[in-house]
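Here is a short walk through one structure. Keep the 3D view open as you read.

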Amino acid sequence: MNRDDFKDIACIRFEEAKVLLDNQRYDGAYYLSGYVIECGLKACIAKQVKEFEFPDKKLAQDCYTPDLAKLIKTAGLQTVLDNETKRFQVNWGVVKDWTEESRYQKHLEKAARDIYSAIAEQGNGVFEWVRHW
């Protein structure tokens, strides 16, 4: 997969999360909302890899985690994230707790709406922020 693939998947999953949310499929909406950010961060990491260069082994290993906090660090975005607005920090606070294991869990409507809102909010949403980088 390359950066464009990750970007495309993130956009598709963003739309699918909204469809699930609108149809009261809260478990799937919650999971896909976090997955949007995982794919977006992996696109940010892919941007760092230069064509025809063999990636650093640690970077390559660190890319395969679904852990959003680790992906932020791997993408080199921790300092940028730390300096964001309070409103963005609130949204990140909701999103950062997402895990890959959430696909096996039940999620209430509020949790699904909260995470989707945190990624989708105009101006302070995590998906918009990730797409910027």
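The side chain of Ser-102 reaches the backbone oxygen of Thr-99 at 2.7 Å. The model is predicted: local features need pLDDT of at least 70, side-chain atom pairs count only at pLDDT 80 or more, and totals for chains, interfaces and linings use all residues. Residues are numbered from 1 along each chain as its sequence is written, and side-chain values use heavy atoms, with hydrogens and water left out.

Ser-102 sits in the loop between α6 (86-95) and α7 (109-120). Ser-102 is buried, with a relative accessible area of 2%; buried means under 20% (1.4 Å probe, protein chains only). Beyond its neighbours within four places in sequence, Ser-102 is in contact with Tyr-30, Tyr-31 and His-107. Contact means heavy atoms within 4.5 Å.

Now turn to the helices. The axes of α2 and α7 come within 8 Å and cross at roughly 25 degrees. Therefore α2 and α7 are roughly parallel, a term for angles under 35 degrees. Angles run from 0 to 180 degrees between N-to-C directions. Among the residues that meet here are Tyr-30 and Ser-33 in α2, and Glu-109 and Tyr-116 in α7. By class, the α2 and α7 contact holds ten nonpolar, two polar and two charged residues.

α2 (residues 26-48) also packs with α1 (residues 3-22): their axes come within 8 Å and cross at roughly 165 degrees. α1 and α2 are therefore roughly antiparallel, the term for angles over 145 degrees. Their contact has 15 nonpolar, three polar and six charged residues.

Definitions and conventions: Helix = DSSP H or I, 4+ residues; strand = E, 2+ residues; numbered from the N terminus. Parallel < 35°, antiparallel > 145°, perpendicular 65-115°, else oblique. Nonpolar A, V, L, I, M, F, W, Y, C, P; charged D, E, K, R; others polar. Buried < 20%, exposed > 50% of the residue type's maximum accessible area, 1.4 Å probe, protein only. Polar contact = N/O pair within 3.5 Å; in protein donor to acceptor, adjacent residues only side chain to side chain.
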